[in-house]
Amino acid sequence: MEPKFVTRSAFTLVGMTMRVKPQGKVPGQLWDEFGPRMSEIQHAILTGVAYGVSDNMEMATGQFDYSAGLEVDSTADMPAGMVALDVPAQTYAVFSCTIPTIRETYQDIYGIWLPTSGYVRAPGPELELYSEAFDSRDPASVFDVYIPVLKD
């Protein structure tokens with residue numbers, strides 16, 4: 001499991017956010033709500049590219065904020081019920097996976113790769129990047145997980 005490394009400038013997303021709790025709503029439910037509304041975002045940079053963002057993890061409870069959004073060049077005319085999310089400039093370790101393998105991918109990243117990589121988890125949100133080629137109906141469809149890192 002060797003990632004590629006990507007450095008991104010800061011950017012802004014517009015989308016929807018929920019608090020994920022064990023035995024509660026799951027990110028897939030947010031995508032079910034957000035997907036039909038993506039076309040309402042007027043200032044999207046690439047309309048076929050979407051992001052999932054995980055942030056504010058509480059280790060004791062397993063709760064975290066999850067957002068689904070599109071990168072925008074303006075937050076003007078934001079649709080009702082949507083929020084703007086600023087993602088800071090960051091270097092990321094990028095891993096590819098599928099929806100069925102996402103849990104295993106995160107376990108491998110944090111349990112195997114990160115402890116032996118010479119990197120540490122940097123502050124900031126984790127990203128999922130769903131390219132134009134991603135098809136949520138195809139379990140073999142690949143997307144990328146971005147983990148913010150710093151050289152140890």
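A residue is called buried under 20% relative accessible area, exposed over 50%, and partly exposed in between, using a 1.4 Å probe and protein chains only. The structure is a predicted model, in which local features need pLDDT of at least 70, side-chain atom pairs count only at pLDDT 80 or more, and totals for chains, interfaces and linings use all residues. Residues are numbered from 1 along each chain as its sequence is written, and side-chain values use heavy atoms, with hydrogens and water left out.

Helices (H or I, at least four residues) and strands (E, at least two) are DSSP runs, numbered from the N terminus. Q90 sits in strand β6, which covers residues 90-98. Q90 counts as buried because its relative accessibility is 12%. Contact is defined as heavy atoms within 4.5 Å. Neighbours within four places in sequence aside, Q90 touches V6, T7, R8, A122, P123, G124 and P148.

One of these partners, G124, belongs to the loop between β7 and β8. G124 is partly exposed, because its relative accessibility is 23%. With neighbours within four places in sequence again left aside, the contacts of G124 are D55, Q90 and P148. G124 and A10 are 114 residues apart along the chain, yet their C-alpha atoms are separated by 11 Å.

Helix α2 was examined next. α2 bends by about 40 degrees at I109. The bend at a residue is the angle between axes fitted to the seven residues ending there and the seven starting there. I109 is also among the buried residues of α2, together with T105, Y106, W113 and L114. An α-helix has 3.6 residues a turn, so residues three or four places apart point the same way. The buried residues of α2 pack against β1 (4-8), β6, β7 (119-121), β8 and β9 (142-151). G118 follows α2 and has a positive phi, near 85 degrees.

Most residues other than glycine have a negative phi. N56 has a positive phi, near 55 degrees, and is not a glycine. N56 lies in strand β3 and is partly exposed, because its relative accessible area is 43%. D77, also not a glycine, has a positive phi of about 60 degrees. D77 is found in the loop between β4 and β5 (83-87). D77 counts as exposed because its relative accessibility is 52%.

A cavity is a set of points where a 1.4 Å probe fits but cannot get out; a pocket is an open set with protein on both sides within 12 Å along at least five of seven lines; lining residues have an atom within 4 Å of a point. Points are joined across faces, edges and corners, and a volume is the space filled by probe spheres set on them.

The largest pocket has a volume of about 1300 Å³. Its lining holds 33 residues, with P27, F64, Y66, I102 and E128 nearest the centre. At least two lining residues come from each of α1 (27-34), β3 (50-58), β4 (63-72), α2 (102-116) and β8 (126-130). Ala, Val, Leu, Ile, Met, Phe, Trp, Tyr, Cys and Pro count as nonpolar, Asp, Glu, Lys and Arg as charged, and the others, Gly among them, as polar. The pocket lining has 17 nonpolar, 10 polar and six charged residues.

The count is one cavity of 30 Å³ or more. The largest cavity is lined by I45, L46, V49, Y51 and E71.
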